[in-house]
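Please read them with the structure open.

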Amino acid sequence: MRTFFLSGIGDISLQDWQSLWSSDYPFTRYEFLHALEVSGSVCEATGWQPMHLVVEHNDCPVAVVPLYQKTHSYGEYVFDWAWADAYQRAGLDYYPKLINAVPFTPATGPRIAFASELGDAQKVETVKLIVDTLKQVLGDTDGSGFHCLFPEAGLRDLLARESLIERQGCQFHWFNNGYRDFDDFLSRFNSRKRKSLKRERQKVKEQDLHLQMRGATEVSADEWEMFYALYHRTYFKRSGRQGYLNNAFFKQVVETMPEQILLASAHHQSLDKEMLAAALYFRDSTTLYGRYWGTQLDVDGLHFETCYYQGIEYAIAEGLARFDPGAQGEHKIQRGFTPVKTCSYHWVAHPAFRDAVVHFCDEEKNHTDAYCQDGRNYLPFREGEKIFPDNALLEYQNEA
């Protein structure tokens, strides 16, 4: 086997890349990563230089790794600013570093694709080759380390074999326990929390707003332009700067992978149904992913309705197992989203800092364990109600 790097995903064919992924997870699709690059959302100028890694055997790709050289830590959602600051105070450079992740997308999923003919032993050998290759590149470029963010359960054991440092985080996900509809979901709440959520939804209805969830092809070009304007406006208002993604990115993914894109939008009945708020979703065969949102209205409960309740209703109707609404947000707990642990894996080149990161992650793990467990005590479900369904994904079964 041999390894080589791509300066962009356009250096490999769609067929060669896509044939190696065993699921329909949307964010490692060729079309998604290509849109990030050709739109300029991901490039050297934005601090995300693509250098995807390919493993070949007999001139055929047998593994690929979405990989970026980073000159900052924005857009990752596994926060290592304290590590970078410690490097700087020691007179060392933390950047560049290598990131195996999907830019701006803190959604657990596959991070290395393997050819279907590779057995377990060959996958172990392949991951070792990948890790050794990355260590060599970091030595050649004076990089501080590499980081695999939000890998799915199947990859974790392979990374742990290479003595990478595990770091844990916490997100809030919704699980489908075979609910018939939204009212059936609410029936599992205790009385006080059920009434509170109903009041929240009623406030939105009282504003004469019509909400709908539509597939990408059902949304007009003008409405997609309005969605981007809402997203940009809201991001700028919240952070004081424009969003990571530009209009060209959204236009391209809507054109190239519309079957995995949805838009929940709010319209005022008396204003020719002008779009007043919207949230963008992606989906695969098991999971709904809430991603970006924007609004021109300050209506109590509209964010929760557009970004959470519309998603839950859709997931129930489609029989999806899980709804991942994005990073952070303790307010999701009282709306039925369960605290679950996420993982990332890290290799730090400097031996002394590697030891410090191990200590940091060990201490943080204890805090994360306690935080997730305590958060489950505030879930709105009646006593004895199951948090995880019997068919929950493996990584979340292990959490239960």
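Predicted model: local features only at pLDDT ≥ 70, side-chain atom pairs only at ≥ 80, totals over all residues.

1. Side-chain atom pairs count only at pLDDT 80 or more. Please keep that in mind for the salt bridges.

2. Helix H2 against helix H9. H2 spans residues 30-38 and H9 spans residues 247-256. Their axes come within 9 Å. They cross at roughly 155 degrees. Angles over 145 degrees count as roughly antiparallel, so H2 and H9 are roughly antiparallel to each other. The crossing of H2 past H9 is right-handed.

3. Residues at that contact. H2 brings Glu31, Phe32, His34, Ala35, Leu36 and Val38. On the H9 side they meet Phe249, Gln252, Val253 and Thr256. By class, the residues of this contact are 6 nonpolar, 3 polar and 1 charged.

4. Salt bridges overall. Side chains of opposite charge can pair when their charged atoms come close. How many salt bridges does the count come to? The total is 22. The next points take up some of them.

5. Lys70 and Glu76. These two residues form a salt bridge, with the closest N and O atoms 2.5 Å apart. Are Lys70 and Glu76 buried or exposed? Both are buried.

6. Arg201 and Glu305. This salt bridge has its closest N and O atoms 2.7 Å apart. The pair links distant parts of the chain. Arg201 sits in helix H7 (residues 191-205), and Glu305 sits in helix H10 (residues 302-318). The two residues are 104 residues apart. Arg201 has 14% relative accessibility and therefore counts as buried. Glu305 is buried too, because its relative accessible area is 4%.

7. Arg201 and Glu313. Arg201 also forms a salt bridge with Glu313. Here the closest N and O atoms are 3.1 Å apart. Arg201 lies in H7 and Glu313 in H10, so this pair ties together parts that are 112 residues apart in sequence. Glu313 has 31% relative accessibility, so this residue counts as partly exposed. Check both partners of Arg201 when you view this region, Glu305 and Glu313.

8. A salt-bridge network. Which residues do salt bridges with shared partners join into one network? They are Arg180, Asp184, Arg188, Arg382 and Glu385.

9. Asp80. This residue is in the loop between strand S5 (68-70) and helix H3 (81-89). Its relative accessibility is 3%, so Asp80 counts as buried. Residues up to four places away in sequence are not counted in what follows. On that basis, Asp80 touches Ser73, Tyr94, Lys97, His147 and Arg167.

10. Leu149. Strand S8 (residues 145-149) holds Leu149. Its relative accessible area is 2%, so Leu149 is buried. What does Leu149 contact, leaving aside its neighbours within four places in sequence? The contacts are Glu76, Val78, Ile99, Asn100, Ala101, Arg111, Cys343, Ser344 and His346. One of them, Glu76, is the salt-bridge partner of Lys70 from point 5. As for Pro110, its C-alpha atom is separated from that of Leu149 by 10.0 Å. Pro110 and Leu149 are 39 residues apart along the chain.

Key. Residues numbered from 1 in each chain as written. Heavy atoms only, no water. Axes fitted to C-alpha atoms, helices over the stretch in contact; angles between N-to-C directions. Helix = DSSP H or I, 4+ residues; strand = E, 2+ residues; numbered from the N terminus. Parallel < 35°, antiparallel > 145°, perpendicular 65-115°, else oblique. Left-handed = near helix turned anticlockwise from the far one by under 90°. Contact = heavy atoms within 4.5 Å. Nonpolar A, V, L, I, M, F, W, Y, C, P; charged D, E, K, R; others polar. Buried < 20%, exposed > 50% of the residue type's maximum accessible area, 1.4 Å probe, protein only. Salt bridge = Lys/Arg side-chain N within 4 Å of Asp/Glu carboxyl O.
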